[in-house]
Amino acid sequence: MTTETQALPDITMSPVVSSQLAAIGHCPATNRLAVQFKGKGDTPGSVYHYSDFDAAAFEAFRLAASLGSYFKKYIKPCADRFPFVKIS
């Protein structure tokens, strides 16, 4: 994980049905995935951006039967493939 605050793209997030994730989005121009986790109560959860995430990978993620399970299996353990930064 990096904590750099370089200019990051503003990625439109779409709410999702998931017990762990609140919203996801993708910027095809920069191959960046955005994930917002669920927060506690009415507090929004943290947002992370994952690099090197192309449109095909996003489509597979978006269409997964369980977004949380897909994230835990194919994205979270692959920090070397999809470097990430915490946005908020």
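**Exercise 1. Over how many bridges do β3 and β4 pair, and in which sense?**

Solution. Before we start: this is a predicted model, where local features need pLDDT of at least 70, side-chain atom pairs count only at pLDDT 80 or more, and totals for chains, interfaces and linings use all residues. Residues are numbered from 1 along each chain as its sequence is written, and side-chain values use heavy atoms, with hydrogens and water left out.

Step 1: find the elements. Helices (H or I, at least four residues) and strands (E, at least two) are DSSP runs, numbered from the N terminus. Here you'll find two helices and five strands, running β-β-β-β-α-α-β from the N terminus on.

Step 2: check the pairing. Two strands pair if DSSP finds at least two bridges between them. β3 and β4 have four bridges, and their sense is antiparallel. Look for Leu33, which stands opposite Tyr50 in β4.

**Exercise 2. Work out the order of the strands in the sheet.**

Solution. Step 1: start with β1 (residues 14-15), which pairs with β2 in the antiparallel sense over two bridges. Ser14 has Ile24 as its bridge partner in β2, while Pro15 stands opposite Ala23.

Step 1: Leu21 is partnered by Phe37 in β3, and His26 stands opposite Leu33. This hairpin has four residues between its strands, and Asn31 in the turn has a positive phi of about 55°.

Step 2: The open sheet has the order β1-β2-β3-β4-β5, with antiparallel pairing. β1 and β5 (84-86) are the edge strands, since each pairs on one side only.

**Exercise 3. Are β2 and β3 mostly covered or mostly open?**

Solution. Step 1: buried means under 20% relative accessible area, exposed over 50%, and partly exposed in between (1.4 Å probe, protein chains only).

Step 1: count. In β2 (residues 21-27), six of the seven residues are buried; in β3, five of the six are. Both strands are mostly covered. Across the protein, buried residues make up 39% of the 88 residues.

**Exercise 4. At what angle do the axes of α1 and α2 cross, and which residues meet?**

Solution. Step 1: axes are lines fitted to C-alpha atoms, for helices over the stretch in contact, and angles run from 0 to 180 degrees between N-to-C directions. The axes of α1 (residues 55-62) and α2 (residues 67-75) come within 9 Å and cross at roughly 140°. That makes the pair oblique: angles under 35 degrees count as roughly parallel, over 145 as roughly antiparallel, 65 to 115 as roughly perpendicular, and the rest as oblique.

Step 1: list the contacts (heavy atoms within 4.5 Å). Ala57, Ala60, Phe61 and Arg62 in α1 meet Leu67, Tyr70, Phe71 and Ile75 in α2.
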